[in-house]
Amino acid sequence: MQKIMIVFLISFSLLLSPIFGEGERQLIVSAASSLTQAFTEIGKEFEKKHSIKVLFNFGASGVLLQQIENGAPADIFASADQETLEKGLEKQLFDPKSKKNFVRNRLVLIAPAETAKIRFLAELKENFVQRIAIGNPATVPAGRYAKEVLEKEGLYKSLENKFIPGENVRQVLDYVARGEVDAGFVYRTDAALMQNKVRIVVDDLKTKPILYPIVIVSKTELPKESRLFVEFLNSSEARNIFEKFRFAKVESNLP
């Protein structure tokens with residue numbers, strides 16, 4: 001029943017969207033929360049160039065995958081990690097030939113700008129750190145990356161009682177920005193959005209390369225338009241927008 005309700009609500013919201021005009025081509029892109037600002041601007045540029053309307057559905061990558069699997073409408077899926085997209089490929093939800101990595105990111109530890117005391121990761125065990133925001137590792141790639149880092153450092157188990165779970169990386173960012181937690185794990189692109197409210201306190205977290213893949217949904221009725229959008233991500237217009245929001249090129253070495 002819950003799956004049916006999720007699909008119904010998404011489908012209904014798309015039908016009511018004001019950007020949809022009768023007879024217009026309407027491309028639906030499900031994308032990771034950390035892409036919200038960049039993709040919103042890129043979508044506007046794409047619409048100008050190709051006269052194709054784009055509707056974005058932003059959320060945690062794992063949640064978006066579940067929505068697509070349950071029948072929610074989508075033409076393109078952009079994930080913040082490889083693992084989530086690979087699960088979709090295994091279930092034949094996506095066209096494997098269309099997969100491309102398009103940007104790179106980095107995980108950081110942030111704290112409220114006015115009260116930041118943390119200097120290194122091990123200090124998360126100290127008493128002055130009571131609440132740590134972390135994305136749900138089951139559905140949020142940033143949370144999964146954070147868990148892997150903490151496990152490597154032998155810290156995860158000892159910190160579990162301090163964790164405040166986030167439904168996506170932007171919720172984690174909001175928790176820290178509002179001072180509701182003492183620290184949180186987000187991407188450096190997220191931290192850059194609220195430089196006046198959060199401070200990066202640890203930026204050398206050892207993760208696997210964080211590459212964002214994009215893929216076309218197998219059941220899309222707009223394969224040509226979907227390919228145009230994927231290709232547009234390599235355009236100069238899109239690259240400038242990604243750079244503006246601190247995303248790195250796939251082939252670059254992040255500082």
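Student: Is Glu 123 buried or exposed?
Tutor: In this predicted model, Glu 123 has a relative accessibility of 7%, so it counts as buried.

Student: And which residue does the side chain of Glu 123 meet in a salt bridge?
Tutor: The partner is Arg 119, with 2.7 Å from N to O, and Arg 119, at 60% relative accessibility, counts as exposed.

Student: How many salt bridges are there by that rule?
Tutor: The count comes to 11, and one of the salt bridges joins Lys 91 to Glu 69, where the closest N and O atoms are 3.0 Å apart.

Student: Where in the chain do Lys 91 and Glu 69 lie?
Tutor: Lys 91 is in the loop between helix H4 (82-90) and strand E4 (100-105), whereas Glu 69 belongs to helix H3 (residues 61-69), so that this pair links distant parts of the chain, 22 residues apart. Lys 91 is partly exposed at 46% relative accessibility, and Glu 69 is partly exposed as well, with a relative accessible area of 38%.

Student: What about Arg 144, which residue does its side chain meet?
Tutor: Arg 144 and Glu 83 meet in a salt bridge at 3.3 Å, N to O. Because Arg 144 lies in helix H5 (residues 141-152) and Glu 83 in helix H4, the pair ties together parts that are 61 residues apart in sequence. Arg 144 is buried, with a relative accessible area of 12%, while Glu 83 counts as partly exposed at 36%.

Student: Which residues are linked with them in a network?
Tutor: The network of salt bridges links Asp 81, Glu 83, Lys 87 and Arg 144.

Student: Switching to rings, how many aromatic pairs does the search find?
Tutor: Searching the whole structure gives 15 aromatic pairs. In one of them, the ring centres of Phe 39 and Phe 229 are 5.8 Å apart and the planes stand at 85 degrees, so the pair is edge-to-face. Phe 39 sits in helix H2 (residues 36-50) and Phe 229 in helix H9 (residues 223-232), which places the two 190 residues apart, and both of these residues are buried.

Student: What do the ring pairs build together?
Tutor: They link a cluster whose members include Phe 39, Phe 46, Tyr 187, Tyr 212, Phe 229 and Phe 232.

Student: Back to H9, which residues there are buried?
Tutor: Glu 225, Ser 226, Phe 229, Val 230 and Phe 232 are buried in H9. Viewed down the helix axis, the buried residues of H9 fall within an arc of 160 degrees, so they line one face of the helix.

Student: And what does the face turned away from the buried side carry?
Tutor: That face of H9 carries the exposed residues Lys 224 and Glu 231.

Methods:
Residues numbered from 1 in each chain as written. Predicted model: local features only at pLDDT ≥ 70, side-chain atom pairs only at ≥ 80, totals over all residues. Heavy atoms only, no water. Phe/Tyr/Trp six-rings, centres within 6.5 Å; stacked < 30°, edge-to-face > 60°. Helix = DSSP H or I, 4+ residues; strand = E, 2+ residues; numbered from the N terminus. Buried < 20%, exposed > 50% of the residue type's maximum accessible area, 1.4 Å probe, protein only. Arc of directions from axis to C-beta. Salt bridge = Lys/Arg side-chain N within 4 Å of Asp/Glu carboxyl O.
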